[in-house]
Amino acid sequence: MNEYILSCESTADLSEERLAERSIPFACFSFHMDGKDYKDDYGHSMALETFYRKMEEGSVSTTSQVSVGEYEELWEPYLSQGKDIVHITLSSGISGTYNSAVLAADGLRGKYPEREIFVIDSLSASAGFGLLMEMAADKRDAGASAKELADYVLSIRDGINAWFYTGDLTYLCRGGRVSKTACVFGTALKICPLLRLNLEGKLVPYAKCRGKKKAREAVVERMLAMAENGRDYDGYCYISHSLCEDEANAARELIEENFPKLKGKIRFFYIGTVIGSHTGPGLVATFFYGKNKEE
């Protein structure tokens with residue numbers, strides 16, 4: 001069996017340490033803020049606290065996907081060593097980076113015709129993308145070949161459930177997720193929108209909740225309906241947040257009350273600068289595996 005590497009992008013929003021533990025190399029997205037360019041590199045270029053504080057003070061961040069050349073730089077050292085590639089990208093529903101990865105793979109196949117390069121669209125984002133990477137790494141470590149791993153990822157990706165809520169509509173309004181009118185009235189009425197990733201990997205609204213408590217309860221309701229084995233779910237469950245740890249802890253406590261087998265197993269991760277550029281501070285996201293995502 002040929003050796004291969006499993007790789008991804010920084011937008012998986014696992015920590016740099018976690019990706020290293022799982023032997024997953026990654027390519028970095030970039031962002032532009034206050035006239036300067038930065039790498040989405042887990043706080044090395046700009047601390048996440050600084051990034052979100054700047055957003056609160058009015059700075060606007062725009063993002064750039066991984067280029068064809070950057071994918072080639074990531075993969076070519078492994079290909080030259082005789083290793084194949086299984087790469088999973090950020091959802092094509094919110095980024096064009098999948099297409100760049102495909103172009104890079106096509107170019108490198110001409111240079112390394114004996115190697116296999118599999119590029120897979122995660123149809124997910126943030127720690128949901130990260131959760132898919134964890135499951136893929138488990139399969140890799142169990143001895144799957146590159147082709148077997150690629151087929152496995154395609155078979156499970158629709159089961160990655162992702163639920164997001166925020167008490168600040170400003171950034172969703174700026175990104176076009178909610179209208180300016182809805183933002184004004186929603187803020188006045190303390191509406192906390194619940195959003196999800198659909199089967200196309202697009203972030204879409206699901207419900208309007210009156211306050212964060214109702215939003216947390218709505219997340220638990222969806223988990224009870226969608227998680228593998230229902231209340232007995234004991235698989236991966238990740239919560240990521242954009243600098244609102246108290247709210248993320250409140251979500252964790254409610255989930256643990258309703259899913260006792262998850263107690264002590266839920267992992268926390270920060271929402272990185274690229275996803276955070278579009279959601280802003282104050283967002284909490286919950287990810288788990290279960291029934292296929294709804295249309």
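Visitor: Is the crossing of α9 and α10 right-handed or left-handed?
Guide: Keep in mind that this is a predicted model. Helix α9 covers residues 212-226 and helix α10 covers residues 245-258, with axes 10 Å apart. The crossing of these two helices is right-handed.

Visitor: And are α9 and α10 roughly parallel or oblique to each other?
Guide: The two helices pack at an angle of about 40 degrees. Angles under 35 degrees would count as roughly parallel, and 65 to 115 as roughly perpendicular. The pair α9 and α10 is therefore oblique.

Visitor: Which residues of α10 does α9 meet?
Guide: From α9, the residues in contact are Lys212, Arg216, Glu217, Val220, Met223 and Leu224. By class, this contact of α9 with α10 has seven nonpolar, one polar and four charged residues. The α10 partners are Glu247, Ala250, Ala251, Leu254, Ile255 and Asn258.

Visitor: Which elements give two or more residues to the lining of the second largest cavity?
Guide: The second largest cavity has a volume of about 30 Å³. Its lining consists of Tyr165, Arg216, Val219, Val220, Ala251, Leu254, Ile255 and Thr286, and by class that makes six nonpolar, one polar and one charged. The elements with two or more residues there are α9 and α10.

Visitor: Which element gives the most to the lining of the largest cavity?
Guide: Lining this cavity are Asn161, Ala162, Trp163, Arg196, Leu197, Met226, Lys293 and Glu294. The one that gives the most, with three residues, is β8.

Visitor: Turning to the second largest pocket, which element gives the most to its lining?
Guide: This pocket holds about 260 Å³ of space and is lined by 16 residues, with Leu14, Ser15, Tyr42, Leu48 and Tyr270 nearest its centre. Two or more lining residues come from α1 (16-21) and from β12 (267-270). With three residues, the element that gives the most is β12.

Visitor: How many charged residues are in the lining of that second largest pocket?
Guide: The lining has 16 residues in total. Six of them are nonpolar and five are polar. The number of charged residues in this lining is five.

Terms used:
Residues are numbered from 1 along each chain as its sequence is written. This is a predicted model: local features need pLDDT of at least 70, side-chain atom pairs count only at pLDDT 80 or more; totals for chains, interfaces and linings use all residues. Side-chain values use heavy atoms; hydrogens and water are left out. Axes are lines fitted to C-alpha atoms, for helices over the stretch in contact, and angles run from 0 to 180 degrees between N-to-C directions. Helices (H or I, at least four residues) and strands (E, at least two) are DSSP runs, numbered from the N terminus. Angles under 35 degrees count as roughly parallel, over 145 as roughly antiparallel, 65 to 115 as roughly perpendicular and the rest as oblique. A crossing is left-handed if the near helix is turned anticlockwise from the far one by less than a right angle, and right-handed if clockwise. Contact means heavy atoms within 4.5 Å. Ala, Val, Leu, Ile, Met, Phe, Trp, Tyr, Cys and Pro count as nonpolar, Asp, Glu, Lys and Arg as charged, and the others, Gly among them, as polar. On a 1 Å grid over the protein atoms alone, a cavity is a set of points where a 1.4 Å probe fits but cannot get out, and a pocket is an open set with protein on both sides within 12 Å along at least five of seven lines; lining residues have an atom within 4 Å of a point. Grid points are joined across faces, edges and corners, and a volume is the space filled by probe spheres set on the points.
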